[in-house]
Protein chains: 2
Amino acid sequence: MSTEALFNIQHPILQAPMAGSGSTDLVAAVSNAGGLGAAGAAPMKPDVLRAHIHEIRGKTDKPFNINLFAPASERYDQSLELGPKARALLESYHRELGLAELPEARALFGPAEAQLDVLIEEKVPVISFHFGVEQDHVERIHRAGLKVISSATTIGEAKTLESLGVDAVIAQGAEAGGHRGTFLGNYRQALIGTLALVPQVVDAVDIPVIAAGGIMDARGIVACRALGASAVQMGTAFLGCSETRIPPLWLQELKSSSPSRATVTTAMSGKPARGLRNRYISEMESLDEPLLPYSLQYSVSAPLRKKAMDQGNPDFPTMWSGQGVQMLREMPAAELLESLVRESEELLSQLAGSPD
Amino acid sequence: MSTEALFNIQHPILQAPMAGSGSTDLVAAVSNAGGLGAAGAAPMKPDVLRAHIHEIRGKTDKPFNINLFAPASERYDQSLELGPKARALLESYHRELGLAELPEARALFGPAEAQLDVLIEEKVPVISFHFGVEQDHVERIHRAGLKVISSATTIGEAKTLESLGVDAVIAQGAEAGGHRGTFLGNYRQALIGTLALVPQVVDAVDIPVIAAGGIMDARGIVACRALGASAVQMGTAFLGCSETRIPPLWLQELKSSSPSRATVTTAMSGKPARGLRNRYISEMESLDEPLLPYSLQYSVSAPLRKKAMDQGNPDFPTMWSGQGVQMLREMPAAELLESLVRESEELLSQLAGSPD
């Protein structure tokens, strides 16, 4: 089945859910333009999530996707404490920015069970999970007549997701911005480039494969179609949309960065994620000390990252970015979707018409 | 200008030069089939190199490419000594395999100046350099009426190569097997996936861009053409060709490996390169001690790596591999070229004919 039929959308283009940077306007604009808009709901408490869904439904009657972080991510030892070197470094940053003392480490996301209850009650058309998926969640979603998808960063993860019954698998190449979806094994061994990952996942599973990682324009879309993907998921490409409303600092840094700056680090959240390297990442990584697990690391750095972002200080904030950053374009989401579709068609005719 | 016209070849498919695994039969078979065959000559003394070129010319009258490592790579401090932990580990391996004492560390490659003299005297049609290129070499090659190309792993490197006057730039994505071509900055920040690297390099330079990294079949070729590449360079894909004659162990390990095993390490040669992870890589990387620079690290591990390969012991040998390893096919090079060309045409018609 095509992903258009699977999700009841017009164009096989999915907006990546972005918890830190999305907006209901962006979700609605993408879905209204014939793609699949998406919201990252991992940090939302159930009542906030419900209100968020209602807000989206007030702006579009088209299908959309709500993303959760798999509950397995909540099963870390949440009683761990910040190491002495990391604490000293964070405290020095707090002094530098005039912040109060460090917050207690705590879990920032979920609980996924209660979040999923809301998504099912609200009949959200597409539910996606990052960091793997639970089989009973897949079954609950299917019993409700809804679709479920999840990300794989290796061939083995894709086969696992297929065996758990997801409707489609997102092959998340190493280029992708934000959190790596890796849920089996060492993330360093799961940094497989999109061009290599997608066809090998297509060969390994029988469900539709959605390509993600480094796709910024029609060139990436047509390339992924050639690799056998049924659809693409784009994240960084939507950061330049006027509906996204990321902080001005983040957008400005994206516009002046090369892909070499978009680095995979665990220093932000405790889980590997790709974002723009800054002083915080470099200094935190250079500590000879294990960091806190996800999402405790995220919570202790939260006031620092927020204050710096508000102040326009690039040294400390989280600024997720994929490796396609220099292809970023600024335009409304509807215009971006329309351009992607038109330019993909033009590129295909051009390629088919060109001699060998 | 098309790369076919630039190199006077029929199909825009370059075989990657592979010093450790190529053969004159492979070079000739690829060139005779309309691609651009290539030999990795970095380890060859000038007289060996000259004989190698004559051997290739005895098997094909078509253009081919000879690859050297840029002389800047020879400018490391060659007097450094193996650290105590690495020495102890290597000595324990030598005892385990019944080898004599460790060899003295020495430079294995070059001198590139004398090698280049031979290439120019022999009028080798295409000369490629890994690890950057020297401007006076580019000028000498052009004065001789020959072509010169080199690899870039970042946008900045591509612009540098263009400014030095190369005829085309190879955009080597992170998926690629063998040595990273990185010559500016930290290699960890130069692991950019092919799907993201190629279009950004295409946008940044005015010379033809040859895509490399993870390309194994028609899907990769058509994808790279969509990304704006003028041609592709494939390495791992040719390791399954009967003319390649890599050791049976290497081929067998390739056939049973997933992309997660193809890791970038400096433990083999002293420079970052992607190959199949084994005990040697894991244990050498876990030493809390800097390794020798390129190519000294290569030289001290040479007897060990060779003996293990000969014995069919996967624990120690060098087995370069890209991340597309599960797409490896075994067939003669002429058949592979013919398949790639035919399947690319079929895939393009299929894509152009399919609805959005």
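Predicted model: local features only at pLDDT ≥ 70, side-chain atom pairs only at ≥ 80, totals over all residues.
Reader: What radius of gyration does chain A have?

Author: The rule for a globule is 2.2 Å times the number of residues to the power 0.38, taken over C-alpha atoms. For 356 residues a compact globule would come out near 21 Å, and chain A agrees because it has 20 Å. Its C-alpha trace spans about 60 × 45 × 40 Å along the principal axes.

Reader: How many helices and strands are there in chain A?

Author: Both are DSSP runs, numbered from the N terminus: helices are H or I with at least four residues, strands are E with at least two. Chain A has 13 helices and 11 strands.

Reader: Why is helix 9 of chain A largely enclosed by the rest of the structure?

Author: Helix 9 (residues 218-226) is largely enclosed because 9 of its 9 residues are buried. Among them are A:Arg219 and A:Arg225, along with A:Ile221 and A:Cys224. Just after helix 9, A:Gly228 takes a positive phi of about 105°.

Reader: At what angle do helix 2 and helix 3 of chain A cross?

Author: Axes are lines fitted to C-alpha atoms, for helices over the stretch in contact, and angles run from 0 to 180 degrees between N-to-C directions. The axes of helix 2 (residues 24-32) and helix 3 (residues 46-57) of chain A cross at roughly 45° and come within 9 Å. Contact, meaning C-beta atoms placed from the backbone within 7 Å, involves A:Thr24, A:Val27 and A:Ala28 of helix 2 and A:His52, A:Glu55 and A:Ile56 of helix 3.

Reader: And how many residues of chain B are in contact with chain A?

Author: 42 residues of chain B are in contact with 42 residues of chain A. Helix 14 of chain B gives the most to the side of chain B that touches chain A, with 7 residues.

Methods:
Residues numbered from 1 in each chain as written. Chains lettered and ligands numbered in written order. Contact = placed C-beta atoms within 7 Å. Buried ≥ 20, exposed ≤ 12 C-beta atoms within 10 Å, placed from the backbone.
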